[in-house]
Amino acid sequence: MTTYAAPLQHSALEGDAGFAYVFGPRVLRRFYDSLDVAMAGVVELVGDAAASGSDVIRVLDVGNIGFNLTMTALATETDSVPDSQPTTGYTSLTVAPYGIGHSETLFGSVLMRPDVAAAIGLDAQLSRIPEVWGATIRGLVCTAGGAFSSAVGSATLPLSMDDMLDLVELRTATMGADQPFGVVLHGTQVNQLRRSAQAHPNFQEAVLDFAATNGAMQATNQIGDLFGLGMSALKTNDVITSGGAYKGFGMTRGGIGWGRASTGMLSASAVNRQIVAVLPEFGVVITEPNMSGNGSRKIEARAFIGVAAGSSSVYLQRVIQSVTE
């Protein structure tokens, strides 16, 4: 029994009759990168390895045909016409397993507050598996793009509008590279570029382009026309760093592709009753292993996917590098 001195004070009541803290009505999510590179159209599905007997998808390209070929001059009207000689090449994409699991005890499930369960409970984690898949693809794509063999920009200087104009010139000079072109930049690179645009004589008076790009930068990870340069831009902090430099990248659409091993056949499996769901279009299978002896339950998601850069003979690809800040 506690005797309280007058006047009653909260500091005295808190121990027996109050709370050290109470919870607000909802659980908030921290800052996070929500860019989905697959849904944004940066990468394209290049193949499905399911039931193929191999985990490697080979993507062919062909040259010395059509507009890439000219007729041979004949010395006389009776000369034999030589046969043309098409050329082929290929790139390879390897499908590999990726996985993530979540677990909680039955006792925890029973006692967990509804707002916490809606944020981090097992069912909530299950519903967010597509987001986890998107984040996984995004990381793989940024790794592939940061490894392109050629680069613009400097590893020791901030990204500048002159660097981006170098990309414009490359597109102009590269015949056949007239597909939509996009860049993927780190958030800091976007800020570097904005500061450069403020000082660049060719962009200081481009008020509408500057305002449109600046507004998009604040509201979304996608920018439809970066400073009027005729290229789209995506912003993600999954852009890799190496040697003190950000390794953003630019490419014609499809310059990086992803592949899968579709999991559709698993939905009909009567052998493993632990399969919760399959997402064939993403190469994902979600399982709930048998309950362990420690009174907990678990879900596991596995994705059979891969990412690879396309042929530089087919796509215009460049690392866009700048110093980290």
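**Close-up views of the predicted model**

**View 1. Aspartate 238 is partly exposed, with a relative accessibility of 28%.** Buried is under 20% relative accessible area, exposed is over 50%, and partly exposed is in between (1.4 Å probe, protein chains only). Arginine 138, at 7%, counts as buried. The two side chains form a salt bridge, 2.8 Å from N to O. This pair joins distant parts of the chain, 100 residues apart: arginine 138 is in helix H5, and aspartate 238 is in the loop between strand E8 (232-235) and strand E9 (240-242). A salt bridge here is a side-chain nitrogen of Lys or Arg within 4 Å of a carboxyl oxygen of Asp or Glu. Helices (H or I, at least four residues) and strands (E, at least two) are DSSP runs, numbered from the N terminus.

The model is predicted, so local features need pLDDT of at least 70 and side-chain atom pairs count only at pLDDT 80 or more, while totals for chains, interfaces and linings use all residues. Residues are numbered from 1 along each chain as its sequence is written, and side-chain values use heavy atoms, without hydrogens and water.

**View 2. Glutamate 325 and arginine 195 form a salt bridge in which the closest N and O atoms are 2.9 Å apart.** Glutamate 325 belongs to the segment after strand E15 (317-323) and arginine 195 to helix H7 (residues 187-199), so this bridge ties together parts that are 130 residues apart in sequence. Glutamate 325 is exposed, at 57% relative accessibility, whereas arginine 195 is partly exposed, at 43%.

**View 3. Arginine 260 meets aspartate 48 in a salt bridge (3.3 Å, N to O).** Strand E11 holds arginine 260 and strand E1 (residues 43-48) holds aspartate 48, so the pair ties together parts that are 212 residues apart in sequence. With a relative accessibility of 17%, arginine 260 is buried; aspartate 48, at 34%, is partly exposed. The whole structure has nine salt bridges.

**View 4. The largest nonpolar core has 29 residues, and those with the most contacts inside it are Val42, Trp133, Ile137, Val141, Phe249 and Ile256.** At least two residues of this core come from each of helix H5 (129-145), strand E10 (245-252), strand E11 (256-260), strand E13 (284-287) and strand E14 (296-309). H5 gives the most, six residues. Such a core is a set of buried Ala, Val, Leu, Ile, Met, Phe, Trp, Tyr and Cys residues joined through side-chain atoms within 4.5 Å. Not counting residues up to four places away in sequence, isoleucine 137 touches Val37, Trp258, Ile305 and Val307. Contact means heavy atoms within 4.5 Å.

**View 5. Aspartate 163 is buried but has no salt bridge.** This residue is in helix H6 (residues 161-173). Arginine 318 is the nearest side chain of opposite charge, 12 Å away (Lys and Arg count as positive, Asp and Glu as negative; His and the chain ends are not counted). Beyond its neighbours within four places in sequence, aspartate 163 contacts Val152, Gly153 and Pro158.

**View 6. Alanine 277 lies in strand E12 (residues 275-279).** Its relative accessible area is 29%, so alanine 277 is partly exposed. Leaving out residues up to four places away in sequence, alanine 277 touches Val285 and Ile286. From C-alpha to C-alpha, alanine 277 and methionine 161 are 47 Å apart in space, and they are 116 residues apart in sequence.
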